[in-house]
Amino acid sequence: MWRQAEIEIATRGRGFHQLTTELEAQLRGCGIRIGLCHLFLRHTSASLAITENADPEVRRDLERFAQRLAPDGDPLFRHDAEGADDMPAHVRSLVLGCELTVPIRDGALGLGTWQGIYLWEHRTGAMRRRILVTLSGEV
Amino acid sequence: MWRQAEIEIATRGRGFHQLTTELEAQLRGCGIRIGLCHLFLRHTSASLAITENADPEVRRDLERFAQRLAPDGDPLFRHDAEGADDMPAHVRSLVLGCELTVPIRDGALGLGTWQGIYLWEHRTGAMRRRILVTLSGEV
Amino acid sequence: MWRQAEIEIATRGRGFHQLTTELEAQLRGCGIRIGLCHLFLRHTSASLAITENADPEVRRDLERFAQRLAPDGDPLFRHDAEGADDMPAHVRSLVLGCELTVPIRDGALGLGTWQGIYLWEHRTGAMRRRILVTLSGEV
């Protein structure tokens, strides 16, 4: 069984948007018991990430880490058509990835207790982001 | 055809645990000839990794690299509820990833000659780690 | 429906090889409308990457970033059996990954407008690289 849907998210600068709740809702509707949920972010300046879902300080620390890894306005970079955060956003997107597969078990996402699924915006301005969700498995 | 199983691994501090042998055994039992083997680590402070399987010095170099990327006790981080290795473990898990898909070809993992699949523990203490394995394909 | 094929690419030192065109051609031949296209690079010193497909300066900046992250001849590393670029190539391969899943939608890759799929060679010499492509989905 195959099912596909697109999620659209409006971001307002750098930060994490929780996706777990919306994905669980989509899963309940489709009837798949065992399978895979694949997420594909159709952009090269944001990421999909699985990380700790309890303490928001973890996500702030991850943002600090990403800023150290590829600082805005880094003199290493020449591509800056859209500003000082342009190339750092591409680097973060590449290193952290734009696609994820999460298993479906007993009709729900097989996440561990402390795992959350997030869209991580890397641009400093407001953006519209589209995620293509592909569900496959057996009913 | 879909098959799902959970592997549990007891780790004793930082290091690599080879998973290839166990996965090959699971594959032989299920009869899938062409398909995908998806691995999902249900934790946010360890990783799944595919890397060189011959010289153990490569894995020691990777561990050195990870310690340089996000050192224990790094003053950049504020989240340290579980100690100096807490936030560095979350960073490594995010950058290196907690899920992998490996193709099944002729009923075996389609790995290259020098590729091994590993659980990489990022915490310094002993942990119990669970990996959800989802096999799909045609017999 | 399942389909599997191997692509072989001859690289000539560090750089990006576009894969999107070849993958789209394979897709047109197989008839899958909704599904997943999984790519698996059978090597530990090159990567598969999705990144910006328009300005080649972006890919040159990514190469500069990778060289800063793990410089050739980095004194941190001990494994150098194949030269100064040996261990840096393993690090890049690990951090950037050797496998990707891209959704199939309406019989084509569900990429965003600015996304391209690339093989990224990390060794400085000429290499032969094999990618195992696994397509699954419904016709």
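1. Let's start at the interface of chain A and chain C: the rule finds two salt bridges across it, a salt bridge being a side-chain nitrogen of Lys or Arg within 4 Å of a carboxyl oxygen of Asp or Glu. C:Arg68 pairs up with A:Asp74 in a salt bridge, with 2.7 Å between the closest N and O atoms.

2. A word on the ground rules. This is a predicted model, where local features need pLDDT of at least 70, side-chain atom pairs count only at pLDDT 80 or more, and totals for chains, interfaces and linings use all residues. Residues are numbered from 1 along each chain as its sequence is written, chains are lettered from A in the order in which they are written, and side-chain values use heavy atoms, with hydrogens and water left out.

3. Back to A and C: 27 residues of chain A and 34 residues of chain C are in contact (heavy atoms within 4.5 Å). The two chains bury about 2,700 Å² between them, 64% of it on carbon and sulfur atoms; that is accessible area (1.4 Å probe) lost on putting the two parts together, summed over both.

4. Now chain B. Here 34 residues of chain A touch 27 residues of chain B, and the buried area is about 2,700 Å², with carbon and sulfur atoms giving 64%.

5. The rule finds two salt bridges between chain A and chain B as well. A:Arg105 and B:Glu6 meet through their side chains in a salt bridge, at 3.4 Å from N to O. Helix 2 of chain A gives the most to the side that touches chain B, with eight residues (helices being DSSP runs of H or I, at least four residues, numbered from the N terminus).

Technical notes. Helices (H or I, at least four residues) and strands (E, at least two) are DSSP runs, numbered from the N terminus.
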